[in-house]
Amino acid sequence: MGFGAKLAKLFGFRKTLDESFFEDLEDTLIEGDLGSRNAMEISDLVRDKKPKTEEELSDIVREALSDKISSTELMPVRGELNVYLVLGVNGVGKTTSIGKMAKYYTSKGYKVLMAAADTFRAAAIEQLELHAERTGTRIVHQATGSDPGAVVYDAITSALARGDELILCDTAGRMHNKENLMKELQKINRIIGARVKPENVKKILVLDATTGQNAVSQARLFNEAVKLDAIILTKYDSQSKAGALTQIGIPVAFVGTGEHYEDFKKFDSDEYIKSLTGK
Ligand SMILES: Nc1nc2c(ncn2[C@@H]2O[C@H](COP(=O)(O)OP(=O)(O)O)[C@@H](O)[C@H]2O)c(=O)[nH]1
Ligand SMILES: [Mg+2]
């Protein structure tokens, strides 16, 4: 549930905005995964603006949130090679999102290629191959355990030879060896950077909407390794706790709302804020 209903209730119970109101307000915002900094900031804003009605209160909260969340449109440059490097920890929905993006961009007339640079598990390569087959997308892969950098290099060579416009690059996301993972991603990023125009390379982090506060530390970590351009928010269908997005400060491009290819749409920040505040 969005915290809008709770806000309304909170306000409805009180005749005056006393200290306990502000405590409850901050708690509600923190429970909504907005983080303590945002919660305090919004609470201070409410103090200043002294809303007289429920409606005014939620307007203040909505306005504050709209400064903290933005959307971005990812559109590859036509006739040039673009690379979307898809990042994130295991299980967030990277491979699935690549399948969805392949369908999305192919339907817009782009020539798309998939690169299976999650070489750690055989299943990961097979899963991407299945998406390639189902969406009619060409794929470059090597054997399990091969160097992900070499897969990416091959994919770029192949795309340049064939005139492909977009490489969707899958990556491994195992976290038990953070240092190695980040080094590997930086290496892949360097290989891409050496052959593709920097403005055509997008580093996209996939976050699971149900993970709450954890998403904030994942974003921080990946952003330190490679500067992120956009976020894809997956699993925004079930009981998602997507309030954490307001703490991340990286624009959101797409949301995944289910397991099928059609369950994928451009992120709409107004709609998102409405779903958070329940208005
Ligand atoms: N409900 C739902 N499930 C998703 C979504 N995206 C991915 N999944 C599921 O999450 C699981 C992990 O996805 P996968 O793409 O393999 O994650 P990866 O390890 O990051 O590549 C799979 O069972 C997917 O079907 C989504 O937007 N909504
Ligand atoms: Mg995967």
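**Exercise 1.** Determine in which hand α2 passes α3, and describe the contact.

*Solution.* Step 1: α2 passes α3 in a right-handed crossing, where right-handed means that the near helix is turned clockwise from the far one by less than a right angle, and left-handed anticlockwise. Helices are DSSP runs (H or I, at least four residues) numbered from the N terminus.

Step 1: Helix α2 covers residues 19-31, and its axis lies 9 Å from that of α3 at an angle of about 145°. Axes are lines fitted to C-alpha atoms, for helices over the stretch in contact, and angles run from 0 to 180 degrees between N-to-C directions.

Step 2: From α2 the contact (heavy atoms within 4.5 Å) includes F21, F22 and L25, and from α3 it includes A39, M40 and I42. By class there are 9 nonpolar, 3 polar and 3 charged residues; Ala, Val, Leu, Ile, Met, Phe, Trp, Tyr, Cys and Pro count as nonpolar, Asp, Glu, Lys and Arg as charged, and the others, Gly among them, as polar.

The model is predicted: local features need pLDDT of at least 70 and side-chain atom pairs pLDDT 80 or more, while totals for chains, interfaces and linings use all residues. Residues are numbered from 1 along each chain as written, chains are lettered from A and ligands numbered from 1 in written order, and side-chain values use heavy atoms without hydrogens or water.

**Exercise 2.** Determine at what angle the axes of α3 and α4 cross.

*Solution.* Step 1: The axes of α3 (residues 35-49) and α4 (residues 54-66) cross at roughly 135° and come within 10 Å.

Step 1: The two helices are therefore oblique to each other (under 35 degrees is roughly parallel, over 145 roughly antiparallel, 65 to 115 roughly perpendicular, and the rest oblique). The crossing of α3 and α4 is right-handed.

Step 2: I42, L45, V46 and K49 of α3 meet residues of α4 including L57, I60 and V61.

**Exercise 3.** Describe the packing of α5 and α6.

*Solution.* Step 1: Helix α5 (residues 94-107) packs on helix α6 (residues 122-135) at about 20°, with the axes 9 Å apart. That makes α5 roughly parallel to α6.

Step 1: Their crossing is right-handed, and the contact has 3 nonpolar, 6 polar and 1 charged residues.

**Exercise 4.** State how the chain is divided into domains.

*Solution.* Step 1: Domain 1 spans 4-66 and domain 2 spans 82-277, with bounds from an automatic or database domain assignment.

Step 1: Their centres, taken over C-alpha atoms, are separated by 35 Å.
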